[in-house]
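Here is a short report on one protein model. Look at the structure first, then read on.

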Amino acid sequence: MQRTAVNGVGILGIGAYRPHRVVGNAEVAARTGRTAEWIERRTGIVERRYAGPGESVTDMAVEAARKAAADAGIAPGKLGAVILASMSYLQQSPGGSAEIADRLGIRAAAFDLNAACAGFCYALALASAMVRDGSAQYVAVIGSDRMTDIVGPEDPSAAILFADGAGAVVVGPQDEEGIGPVVWGSDGSRAGLIAHDAAWDAFRDDPGREWPTMKMAGPEVFRWAIEEMPPVARAALDAAGIGAGELDAFVPHQANLRMIETVTQRLALPAHVTVARDVVHSGNTSAASVPLALARLKELGSVGSGGLALLLGFGAGLTWGAQVVRLP
């Protein structure tokens with residue numbers, strides 16, 4: 001059996017969708033028992049976006065994908081696959097990706113992927129492999145999460161962090177290699193650090209109980225991330241065959257500004273490397289976090305076309321994934 005393989009694969013376009021409603025710390029503080037100053041000091045977040053009517057996980061994903069395709073100069077009809085990375089799509093079946101494909105006007109391969117905040121990096125690795133072996137010429141990779149649906153609005157550990165949004169890229173063939181090998185893994189022994197407080201069948205069997213929501217052991221997750229993610233990032237650099245000095249940008253999961261700063265310091269990145277800090281104005285959007293941060297860098301002109309960026313996602317599972325990419 002033969003497939004038409006390609007030599008180089010890369011990100012051809014980037015798109016973002018940010019919900020219209022902007023929510024400042026004062027509003028979050030009023031229902032979590034914190035103060036606006038405390039939230040900013042501990043998380044670095046000043047504001048975030050909350051989705052409203054007409055801004056579902058799939059609504060946001062479609063708009064982000066359309067923008068990514070336009071940025072890539074690719075008609076949506078040329079997309080051979082759609083991958084939706086999300087941990088907050090509430091309909092059990094069918095997956096949201098098929099709806100997204102239909103709304104883009106295509107009958108492409110479509111599937112959902114849940115690796116929480118590492119989901120975009122996982123999906124990017126799969127898309128790269130699909131294009132490389134000829135399974136699809138162009139793939140839409142979308143991270144879309146409406147975290148306000150799965151986080152308790154009064155939870156002081158989670159509600160201060162999480163928000164909504166979608167980011168997407170189009171992956172396709174190009175002359176030079178643009179997506180490095182993925183370094184990924186999981187540690188299910190720590191699954192309880194970020195997890196729902198009950199399964200859906202518990203809610204079904206006891207309608208009197210509260211809707212299950214995602215809980216997070218903040219301090220433990222913080223310690224895990226700053227200890228174990230720098231080695232993952234270094235391994236991704238090694239896998240790509242480059243040194244930190246060759247990077248133009250570092251785009252980690254936008255979990256918490258203090259976490260980003262600590263991981264950056266431990267990586268000892270050169271001063272010229274631009275570090276994505278989209279969390280300040282977008283909050284933690286889980287699988288949408290990395291592509292939204294990529295889009296923000298492009299919007300600001302912080303990194304030029306062809307620049308190398310180290311992506312690092314990590315979250316519930318616990319899961320993690322990292323790879324070096326060349327920016328379009």
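Which residue in strand 7 does G8 stand opposite? G8 stands opposite Q174.

## Basis of the model

This is a predicted model, in which local features need pLDDT of at least 70, side-chain atom pairs count only at pLDDT 80 or more, and totals for chains, interfaces and linings use all residues. Residues are numbered from 1 along each chain as its sequence is written, and side-chain values use heavy atoms, with hydrogens and water left out.

Strands are DSSP runs of E with at least two residues, helices are runs of H or I with at least four, and both are numbered from the N terminus. Two strands pair if DSSP finds at least two bridges between them. Five strands make an open sheet in the order 1-7-6-4-5. Its pairing is mixed. Strand 1 and strand 5 are the edge strands, and each pairs on one side only. From one strand to the next, the twist averages 20°. Angles run from 0 to 180 degrees between N-to-C directions, with axes fitted as lines to C-alpha atoms, for helices over the stretch in contact.

Strand 1 covers residues 8-17. Of its 10 residues, 10 are buried (under 20% relative accessible area; exposed is over 50%, partly exposed in between; 1.4 Å probe, protein chains only). Strand 1 runs antiparallel to strand 7, residues 164-174, and nine bridges join the two. I14 has V169 of strand 7 as its bridge partner. Helix 10 (residues 289-300) lies across strand 1 and strand 7. Its direction is at about 85° to strand 1. Contact here means heavy atoms within 4.5 Å.

## The sheet with strand 8

Another open sheet of five strands has the order 8-14-13-11-12, again with mixed pairing. Strand 8 (183-186) and strand 12 (274-275) are at the edges with a single partner strand each, so one side of each has no neighbour in the sheet. Strand 8 pairs with strand 14 (residues 319-326) in the antiparallel sense, over four bridges. One of the bridge pairs is G185 with W320 of strand 14.

Helix 5, residues 119-132, packs on this sheet. Helix 5 touches strand 8, strand 13 and strand 14, and makes about 55° with the direction of strand 14. Helix 8 lies across strand 11 (249-252), strand 12 and strand 13. Helix 8 runs at about 135° to strand 11.

## Two pockets

A pocket is found on a 1 Å grid over the protein atoms alone: it is an open set of points where a 1.4 Å probe fits, with protein on both sides within 12 Å along at least five of seven lines, and lining residues have an atom within 4 Å of a point. Points are joined across faces, edges and corners, and the volume is the space filled by probe spheres set on them. Lining residues are sorted by type: Ala, Val, Leu, Ile, Met, Phe, Trp, Tyr, Cys and Pro are nonpolar, Asp, Glu, Lys and Arg are charged, and the others, Gly among them, are polar.

The largest pocket has a volume of about 500 Å³. Its lining has 23 residues, with S86, M87, S88, Y89 and N114 nearest the centre. Strand 5 (109-113) and strand 9 (194-196) are the elements that give two or more residues. Strand 9 gives the largest share, three residues. By type, the lining has 14 nonpolar, eight polar and one charged.

The second largest pocket has a volume of about 420 Å³. Of its 24 lining residues, L161, M216, G218, P219 and N256 are closest to the centre. Helix 7 (218-240) gives the largest share of that lining, four residues. The lining divides into 14 nonpolar, seven polar and three charged.

## Backbone points to check

Two peptide bonds are listed here as cis. One joins S93 and P94, with omega about -5°. P94 is in the loop between strand 4 (81-85) and helix 4 (96-103). Another runs from G317 to L318, with omega near -15°. L318 is in the loop between strand 13 and strand 14.

A116 is not a glycine, yet its phi is positive, about 55°. A116 sits in the loop between strand 5 and helix 5, and is buried at a relative accessible area of 4%. A268 also has a positive phi of about 55° without being a glycine. A268 lies in the loop between helix 8 and strand 12, and is exposed at 60%.
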